[in-house]
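Please examine the sequence and the structure shown below.

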Amino acid sequence: MDKLKQLNPAKAVRIGRKHFSEKAYFQKLRHQSGRIGTKIIYYSLVLYYAFQHPDTPKKAKLTIAGALGYLILPTDVVPDFIPVIGFTDDSAVIIYAVYQILSQIDDSVKEKANAHLERWFGESADEIELPE
């Protein structure tokens, strides 16, 4: 738990940049979706689609790549295999990145993320809103 208290999301984002790849990202999400939680999956999909959006500034894309890279990073502050708290650090980094680029996220990005969520979880996936 001390490691989690010492987590610096900005530093974790910087470290994760070099680990981001689309293939590894989607494999991790699909494989761990039950443990990560729908809301964090949605937020990470929002980041993914914002990364692909041509109007997203380069600085925001670097933040996104770092956050998604940290999500798929094989070694974390809190290892993912630990029940209940394993994705706490990943979630903190994803939420941090969303707040950092919130003004860059438009409706088309949100719609793509929600559509992807519905493809994976069916109609039972509630539409999730981003914080204001």
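Three helices, α2 (9-16), α5 (58-72) and α6 (88-101), each supply at least two residues to the lining of the largest pocket; helices are DSSP runs (H or I) of at least four residues, numbered from the N terminus. The model is predicted, so that local features need pLDDT of at least 70 and side-chain atom pairs pLDDT 80 or more, while totals for chains, interfaces and linings use all residues. Residues are numbered from 1 along each chain, and side-chain values use heavy atoms, without hydrogens and water.

The lining includes R14, K59 and Y96. By class it has 6 nonpolar, 2 polar and 3 charged residues (Ala, Val, Leu, Ile, Met, Phe, Trp, Tyr, Cys and Pro are nonpolar; Asp, Glu, Lys and Arg charged; the others, Gly among them, polar). On a 1 Å grid over the protein atoms alone, a pocket is an open set of points where a 1.4 Å probe fits, with protein on both sides within 12 Å along at least five of seven lines; lining residues have an atom within 4 Å of a point.

Helix α5 also packs against α6, at an angle of about 170° with the axes 9 Å apart; axes are lines fitted to C-alpha atoms over the stretch in contact, and angles run from 0 to 180 degrees between N-to-C directions. The two helices are therefore roughly antiparallel (over 145 degrees). Their contact (heavy atoms within 4.5 Å) includes A60 and T63 of α5 and A97 and Q100 of α6.

The axes of α4 (residues 38-52) and α6 come within 10 Å and cross at roughly 45°.

How values were computed: Angles under 35 degrees count as roughly parallel, over 145 as roughly antiparallel, 65 to 115 as roughly perpendicular and the rest as oblique.
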